[in-house]
Each structure stands twice: as structure tokens, then as C-alpha cells.
Amino acid sequence: MAENNAVGPFDVLIVGGGPVGMTLAIALAKFLPGIKLGLLDRRALTVPKDLRASAISAGVRHLFEAIDVWPGMAKEANPVARMQITDSGTGDIARPVLLDFGGPEAPGQPIAHMVPNTASAAALIAAAKDRIEILDPGTVAQFSTGPAEAQVVLEDGRQIAARLVIAADGGQSTLRGLAGIRTFTRDYRQAGLVTTIRHFQPHNDIAYEHFLPGGPFASLPLRGNYSSLVWAERADTAKALLAMSSEGLAGRIEAAMGSVLGAVEIVETVQSFPLRLVLAHKFVAPRLALVGDAAHVIHPLAGQGLNLGLRDVAVLAEVLVEAVRLGEDFGGLGVLERYETRRRGDTALMALATDGLNRLFSNDLRPLRAMRDLGLSVVDRLDPLKQAFVTHSAGTTGAKLLKGLAP
Ligand SMILES: Cc1cc2nc3c(=O)[nH]c(=O)nc-3n(C[C@H](O)[C@H](O)[C@H](O)COP(=O)(O)OP(=O)(O)OC[C@H]3O[C@@H](n4cnc5c(N)ncnc54)[C@H](O)[C@@H]3O)c2cc1C
């Protein structure tokens with residue numbers, strides 16, 4: 001390798017400038033200002049054409065507040081005051097509400113905020129460009145480790161040394177594969193259709209989730225009379241829906257929603273994402289930690305994938321700050337395993353819950369429907385159980401940053 005191909009060395013190299021990698025980079029720059037930090041992505045850091053909006057839970061909002069990026073997102077955020085869940089058969093017009101959740105933190109506080117992905121990307125990119133060394137775009141091709149540092153080689157021949165490499169390179173993580181970390185994968189044979197609709201009736205800051213036979217269908221309140229739709233459907237049905245005219249599809253959406261928001265109009269191109277479950281067997285290896293979708297991809301029915309990845313960020317930042325404070329080798333396996341131990345439970349629980357709900361609800365079998373509806377209505381009447389669900393999805397436990405406190 002020619003000498004002039006060497007970049008760094010870095011204390012921490014983050015590979016992946018998606019929302020998870022960027023948030024971690026900004027948090028480490030703020031709370032570990034003495035370390036040399038690099039951020040690499042295969043593409044330039046510009047706001048992607050991503051029409052999705054994400055439900056940002058209370059804990060993640062606290063993390064964003066702590067690293068000073070929330071004001072940039074708040075301008076476009078819309079609160080989710082309540083979530084109502086129905087279980088519906090094909091062609092049902094009436095949609096009895098089986099489960100109704102309110103705010104988790106304090107009376108009157110929202111469950112979450114809907115933030116357009118372009119707004120969160122813009123706020124994160126602005127903060128990252130100010131505070132972090134962003135490398136020229138490049139794709140990781142090789143990864144190896146020595147006793148004191150790891151080496152990353154890019155396709156263009158650049159060679160980067162770092163004491164710790166963070167894989168934030170998404171669900172198909174190259175680094176995860178290069179480190180030999182295996183995954184558990186389940187293809188849901190569903191596609192997630194995403195778009196934005198305008199509707200005639202106000203949403204009143206309510207998110208609706210309808211469990212339909214083909215998969216869950218959620219409308220999530222944006223600013224004004226707009227909502228973000230995430231519609232999981234069997235892959236073949238999704239393909240047919242994508243081929244429909246905008247008016248025809250709007251009619252299908254109205255039918256799927258049971259007309260709760262009145263007539264709808266599609267105002268954005270419909271995007272389609274294949275849905276699958278991916279769980280890495282290990283979240284860490286010597287000098288490597290996996291965060292976000294690189295560690296786990298879950299079904300979007302609970303709107304928790306990004307929140308889960310940002311909870312990884314909060315815990316990993318806390319573990320690394322503590323290791324530096326104690327003078328430990330923060331890229332060593334002993335330190336990294338503390339991160340893995342603290343993230344396993346939450347991840348496994350969320351993966352199991354979303355996987356189980358999708359399988360339980362994505363069918364029209366009458367006896368199963370009667371049983372699950374009874375289950376949901378029991379949960380609706382048991383306040384402590386309901387509160388436990390709500391508190392878990394608020395995600396304010398597990399790390400100081402999720403409460404808005406410095407690590
Ligand atoms: C339909 C749908 C709806 C969703 N809705 C929600 C929601 O409401 N709430 C929620 O919390 N979550 C939601 N999610 C999940 C959420 O979108 C993901 O969890 C989140 O985007 C993961 O972020 P990430 O930064 O880990 O990965 P990504 O966003 O995938 O970013 C990975 C980055 O790594 C870069 N990269 C990849 N490979 C390499 C390489 N070899 N070298 C260099 N760079 C590389 C890529 O260019 C990219 O910038 C949804 C998902 C889907 C499919």
C-alpha cells in the first residue's frame with residue numbers, strides 16, 4: 001500500500017453517515033472533545049430524497065436535545081398525542097378501536113413526534129459539518145484488526161487506521177460481513193409502501209394503526225391536514241398497488257383506513273421498501289461495534305427501527321465516555337461488551353414483539369382474530385400493563401442521554 005494512501009489515524013472512525021452514524025458522531029464530538037473522530041460514507045453527506053417521516057420517541061428527542069440538534073427538527077415536527085389501534089378484516093367499514101394509548105411522560109405530553117426524514121437529515125448534516133472531520137466519500141472493502149488498532153481499506157485504495165471502528169453502515173452492513181458476524185434473517189415477503197397524503201378531516205394529532213390481513217397500515221400525523229402513511233402489504237399485492245393510478249390508489253387508501261380521515265389525496269411519490277428482520281448474532285468484535293440497522297432491522301409496524309438504533313447511540317456514547325474517564329482501552333472487547341450487554345434485551349424484545357405482532361395480525365383467520373381482539377381489549381382495560389407498553393415505547397430508560405442528561 002503506497003504511503004500517501006494512509007488516512008488518520010483516528011481514535012474513532014464511524015462508517016455510515018445515516019441518521020444513526022451522524023447522531024453518534026455529533027454526540028462523541030460533544031462529550032469526548034479530546035478524541036480524533038472521523039466520519040465516512042460511500043456518498044456525499046447531502047439530504048437524501050427520503051419521503052418517509054419517523055416517529056421520534058420521547059427518549060430520542062431528549063438525546064437530540066442534549067446534542068443541540070432538536071431545534072432544527074422541531075420546526076417541522078408534529079406531536080403524536082394518541083395512538084389508536086384497530087384490527088380489521090378485508091372490506092370492513094366500521095373500525096372499532098381496540099387499543100388507545102396516550103402520552104407517556106406526563107399528562108398532556110405527546111407519545112412521540114413525527115419528523116420528516118429530510119428535516120432530521122438536514123439538522124444532523126448541519127451539525128456534523130460544523131463539528132466533525134468528514135472524509136471524502138468512499139466504500140469500505142476490507143477490515144482487519146491488530147492488538148491496538150483496526151485497519152479499514154476503501155475500494156479506492158485509501159487505508160484508515162482507528163482504535164475503534166463503528167459500523168453504522170445500514171441493514172446490509174459491509175463491515176458486519178467483513179468481521180464475520182453472522183445474522184438471523186427473516187424475509188417478511190411484504191413491502192412497506194410509504195407516501196404522504198392530504199385528507200379532508202383533521203387528524204387531531206392521532207396516529208392510527210389498522211391491522212389488515214395483508215399487513216399493518218399506519219397513518220401518522222404531520223403538520224396541517226397531512227399524514228405519513230406506512231402500509232405493509234404482501235409483496236405481490238404491493239406491486240399491483242404501485243402500478244395503480246394516483247386516484248385509484250387514493251381510493252384503496254381510503255378503504256384501508258375506514259374513512260376515518262375523510263377523502264384523501266396522495267401528494268408524494270409512493271416509495272416501496274422490502275421488509276425483513278435482521279438480527280446480528282454479535283453487536284461487537286475486537287475494535288468494532290455495530291449500531292443501528294447494521295445491528296438490527298425490524299418490521300416498521302411500531303415505528304421503532306430508528307429509535308432502537310438511536311438508543312444504541314445513547315448507550316454506546318455513555319460506555320465510551322465512561323471508558324475514557326477510567327483510562328480504559330475503549331476499543332477493547334471488554335469495554336465494547338458492556339455496550340452489547342446493555343443493548344441485547346431492548347433489541348431482542350422489540351424484534352420479537354414486532355415479528356410476533358406482524359405474524360399474529362397479518363391474516364384474516366376468524367378464530368385468531370377473535371382471540372387477538374380479546375387480547376387487545378384486555379390490554380386496553382388494564383392500565384398498568386398499558387402504561388408499561390407506553391413507557392417502553394417512550395424509551396426514556398437505559399441511558400442518561402435518553403433522559404436528556406450528559407453521559
Ligand atoms: C417503510 C419503513 C418505515 C420506517 N419508519 C420508521 C419510523 O417511523 N420510526 C423509526 O424509528 N424507524 C422507522 N424505520 C426504520 C428506519 O428507517 C431505520 O431504522 C433507519 O433508517 C436506520 O438508520 P441507520 O443510520 O442505521 O442506517 P441507514 O439509514 O441505512 O444508513 C446507512 C449509511 O451507511 C452508508 N453505507 C452503507 N454501506 C457502506 C459502505 N460499505 N461504506 C461506506 N458507507 C456505507 C449508506 O450510504 C448510508 O448513508 C422505517 C423503515 C422502513 C423500511
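Helices (H or I, at least four residues) and strands (E, at least two) are DSSP runs, numbered from the N terminus. This is a predicted model, in which local features need pLDDT of at least 70 and side-chain atom pairs count only at pLDDT 80 or more, while totals for chains, interfaces and linings use all residues. Residue numbers start from 1 along each chain as its sequence is written.

**View 1. The loop residue Asp 205.** Asp 205 sits in the loop between strand 12 and strand 13 (206–212). Its phi is near 60°, a positive value in a residue other than glycine. Most residues other than glycine have a negative phi. A residue is called buried if 20 or more other C-beta atoms lie within 10 Å of its own, exposed if 12 or fewer, and partly exposed in between, with C-beta atoms placed from the backbone. Asp 205 is partly exposed because 15 other C-beta atoms lie within 10 Å.

**View 2. The whole protein chain.** The secondary structure of the protein chain comes to 11 helices and 20 strands. Of its 407 residues, 49% are buried. Two residues are in contact if their C-beta atoms, placed from the backbone, lie within 7 Å. Among contacts between residues at least 6 apart in sequence, 76% join residues at least 24 apart.

View 3. A residue is near a molecule or strand if its C-beta atom, placed from the backbone, lies within 6 Å of it. There are 33 residues around the ligand, and Gly 18, Gly 170, Gly 292, Gly 305 and Leu 306 come nearest. Two or more residues of the shell come from each of helix 1 (19–31), strand 3 (53–57), strand 12 (183–199) and helix 8 (305–325). Helix 8 gives the most, with four residues. For the classes, Ala, Val, Leu, Ile, Met, Phe, Trp, Tyr, Cys and Pro count as nonpolar, Asp, Glu, Lys and Arg as charged, and the others, Gly among them, as polar. On this basis the shell has 12 nonpolar, 15 polar and six charged residues.

**View 4. Helix 1 against helix 8.** Axes are lines fitted to C-alpha atoms, for helices over the stretch in contact, and angles run from 0 to 180 degrees between N-to-C directions. The axes of helix 1 and helix 8 come within 9 Å and cross at roughly 25°. That makes the two helices, helix 1 and helix 8, roughly parallel. Angles under 35 degrees count as roughly parallel, over 145 as roughly antiparallel, 65 to 115 as roughly perpendicular and the rest as oblique. The crossing of helix 1 with helix 8 is right-handed. A crossing is left-handed if the near helix is turned anticlockwise from the far one by less than a right angle, and right-handed if clockwise. On the helix 1 side, the contact is made by Pro 19, Val 20, Thr 23, Leu 24, Ala 27, Leu 28 and Phe 31. Helix 8 contributes Leu 306, Gly 309, Leu 310, Val 313, Leu 316, Ala 317, Leu 320 and Val 321. These residues divide into 13 nonpolar, two polar and no charged.

**View 5. Helix 2 against helix 8.** Helix 2 (residues 58–66) and helix 8 have axes that come within 10 Å and cross at roughly 50°. The two helices, helix 2 and helix 8, are therefore oblique to each other. Helix 2 passes helix 8 in a left-handed crossing. Gly 59, Val 60 and Leu 63 of helix 2 meet Asn 307, Leu 310, Arg 311, Val 313 and Ala 314 of helix 8. By class, this contact has five nonpolar, two polar and one charged residues.

View 6. The buried residues are Ala 58, Gly 59, Val 60, Arg 61, His 62, Leu 63, Phe 64 and Ala 66. Helix 2 is followed by Asp 68, whose phi is positive, near 65°. Asp 68 belongs to the loop between helix 2 and helix 3 (70–74). With 13 other C-beta atoms within 10 Å, Asp 68 is partly exposed.

**View 7. Thr 354 in helix 9.** Thr 354 is found in helix 9 (residues 333–361). It counts as buried, with 21 C-beta neighbours inside 10 Å. Not counting residues up to four places away in sequence, Thr 354 touches Ile 298, His 299, Leu 301 and Ala 302. The C-alpha atoms of Thr 354 and Gln 304 are separated by 9.2 Å, and these residues are 50 apart along the chain.
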